[in-house]
Amino acid sequence: MVAIKASTNSEALGRENYNYDRIAKGRHASRFVTKHEFLTRWGGPTFAAANALVLERGERDLKTVLAEREGRGLEGRAMRDAAHAAALCVQAVHSAKMVWTDLKPENFVTTSESIGADPGEGLQGVKGIDLESAIPVGENPVDYSPEACPPEFAEAFQEGRALEFVLEYNYDAWSLGMLLYELATGKPYFVAETAEQITEALAAPDFKADVREVEGKMLRNLIGKCLQKKPGRRPSISEILLHPYFITTGMGFF
């Protein structure tokens, strides 16, 4: 089974096609769904003339997994599997000298039927999708998701400087922290706020991420490190992957 992403925005889809070729290759190929083909002219029923990406189809995205778990966050090995898969995707993006800018549960799919119902079962086959917003480090973003953007970008957005914002790897460290928080608690950090309210909250001088709802001391520590307000205090992706949460849980301790 495949998924077809069709769009009349040839620039955006062409960029995503290029990003798949640049990021999801070699030893990093298995981190993301397989890109089968890029069609420069899609004659499907919805768009008479559009570009299309033909991709490996997942069973469900992680947002749907949480919904099927009735809002209960991932636990044990399932949480570790999802967190490790997401971190490896970030590593692949950063290895290509790019910043993803769009880490969120909707952009990860499972290729198995599991929803992590049994804490010891795990959540195999988690892969990344949607590389449309990935941009070379040091350049400017083309889009943003309020739930994935760090405070420094929110501040720039509020001040009308979003288009001049310079992307650094620590942008993704923050986004990864927000992703892991949602997977662990079963709900996003900002639950009912609008996009505007989220951006305003993040840009506030006194904003400080509260991770007390995350169960598990090591996971809470990892997420807290990612959600440091000062960009320079966030860990690199190598430091994230070497965090005790991954090392010890990989041996079966949760």
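**Helix α5 and its two partners**

Mentor: In this predicted model, the axes of helix α3 (residues 76-95) and α5 come within 11 Å and cross at roughly 165 degrees (lines fitted to C-alpha atoms over the stretch in contact, with angles from 0 to 180 degrees between N-to-C directions; helices are DSSP runs of H or I, at least four residues, numbered from the N terminus). α3 is therefore roughly antiparallel to α5 (an angle over 145 degrees). Their crossing is right-handed (the near helix turned clockwise from the far one by less than a right angle). From α3, Met79, Ala82, Ala83, Ala86, Ala87, Val90, Val93 and His94 meet Asp172, Leu176, Leu179, Leu180, Leu183 and Ala184 of α5 (heavy atoms within 4.5 Å). Twelve residues of this contact are nonpolar, one is polar and one is charged.

Helix α7 (residues 217-226) packs on α5 (residues 170-185) at about 145 degrees, with the axes 7 Å apart, and this crossing is left-handed. Here Ala173, Trp174, Gly177, Leu180, Tyr181 and Ala184 of α5 meet Leu219, Leu222, Ile223 and Cys226 of α7. By class, nine residues of the contact between α5 and α7 are nonpolar, one is polar and none is charged.

As for α5 itself, 15 of its 16 residues are buried (under 20% relative accessible area, 1.4 Å probe, protein chains only). At 1.5 Å a residue, its 16 residues should span 22 Å, and the 23 Å between its end C-alpha atoms agrees. Gly186 follows α5, with a positive phi near 85 degrees.

Residues are numbered from 1 along each chain as its sequence is written. Local features need pLDDT of at least 70, and side-chain values use heavy atoms, leaving out hydrogens and water.

Methods:
This is a predicted model: local features need pLDDT of at least 70, side-chain atom pairs count only at pLDDT 80 or more; totals for chains, interfaces and linings use all residues. Helices (H or I, at least four residues) and strands (E, at least two) are DSSP runs, numbered from the N terminus. Ala, Val, Leu, Ile, Met, Phe, Trp, Tyr, Cys and Pro count as nonpolar, Asp, Glu, Lys and Arg as charged, and the others, Gly among them, as polar. The expected span of a helix is 1.5 Å times one less than its number of residues. Buried means under 20% relative accessible area, exposed over 50%, partly exposed in between (1.4 Å probe, protein chains only). Angles under 35 degrees count as roughly parallel, over 145 as roughly antiparallel, 65 to 115 as roughly perpendicular and the rest as oblique.
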